[in-house]
Amino acid sequence: MPRFRMTVEYDGCPYVGWQRQENGPSVQGAIEAAVLSLTGETVSVRGAGRTDSGVHAMGQVIHADLSKDWSPYQLQNALNAHLRLAGERVSILDVEAAAEFFDARFSALRRHYLYRIVSRRAPLALEAGKAWWVPKVLDHEVMHAAAQRLVGKHDFSTFRAAHCQASSPVRTLDRLDVTRNGELIEIRATAQSFLHNQIRSFAGTLKLAGEGKWTPDDVEAALEARDRKACGPVAPPDGLYFMQVDYPDVIPDRRRPVTDTNDEDADDPS
């Protein structure tokens, strides 16, 4: 069956998250319903990462196997038409034919996320649900200095959800940068995989540093504690965006043994 790789954008506000669930609408379910409406086929689409309720995406990558060998252009337009008619806040940005052994999740080399904070006294109107409103001035330079204490290979037990099912809390964080543009503070994170709630835990903790309540040393001490109780408050989902996924130029044959650290919760940082 032809395999298609798609890049997806979505507003996470109306959904219970990426993954199909019984307690409400999901992004995965919306795309699968669009495929069913278009082709009559019941398929299971696979995503590069899962996101929680309220978390957004600008570059989620998925794959799906269809019986018909569609042209990517026609498939993109047709799926978007069905998503639009259904009132979904999901858009297929790109479609391309994929190698037989491409897997949106297991072929991924790196995942990139963005967390947005608007630091101002006035509440959000246009950005409501799309950023974390913090009604005070944050020192982004202190936040960035604190963030550098978290970069590298560490036991991130402090910064993962209590119900995280990952077999190991050890991850390698390639990047955690904090920048400011006017009222907007952006936290950008890159790693092969993340733990459940890891980035929102980072954001809540770094906010304490930006407020002057914690120092970079305090953030490092929280990391070294390897204890969820040492974490700052978990930031809301509003500001989190799944931005991009990096893949190798050549996708290996997945019929061979797969050595991959992406276990059950490794792709769910929200």
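This is a predicted model: local features need pLDDT of at least 70, side-chain atom pairs count only at pLDDT 80 or more; totals for chains, interfaces and linings use all residues.
Just after helix 2, G87 adopts a positive phi of about 75 degrees.

In soluble globular proteins, nonpolar side chains tend to be buried together. The largest nonpolar core of the model has 69 residues, and those with the most contacts inside it are M6, V90, Y115, I117, L150, L176 and I187. Helix 4 gives the most to this core, with 6 residues. When neighbours within four places in sequence are left aside, I187 is in contact with a set of residues that includes Y113, L114, Y115, I117, L176, A203 and L206.

Helix 4 (residues 198-210) also contains Q198, a residue that is counted as buried because its relative accessible area is 1%, under the 20% cut-off. The side chain of Q198 reaches the backbone nitrogen of L195 at 2.8 Å, and, with neighbours within four places in sequence left aside, Q198 is in contact with F156, F159, R171 and P269.

Turning to the annotation, an unreviewed UniProt entry places the feature "active site" at D52. In the model, D52 is found in the loop between strand 2 (46-47) and strand 3 (56-65).

Note on methods:
Residues are numbered from 1 along each chain as its sequence is written. Side-chain values use heavy atoms; hydrogens and water are left out. Helices (H or I, at least four residues) and strands (E, at least two) are DSSP runs, numbered from the N terminus. Buried means under 20% relative accessible area, exposed over 50%, partly exposed in between (1.4 Å probe, protein chains only). A polar contact is a pair of N or O atoms within 3.5 Å; within protein, one must be able to donate a hydrogen and the other to accept it, and residues adjacent in sequence count only if both atoms are side-chain atoms. Contact means heavy atoms within 4.5 Å. UniProt positions are given in the numbering used here, feature names are shortened, and annotations may be inferred rather than shown by experiment. A nonpolar core is a set of buried Ala, Val, Leu, Ile, Met, Phe, Trp, Tyr and Cys residues joined through side-chain atoms within 4.5 Å.
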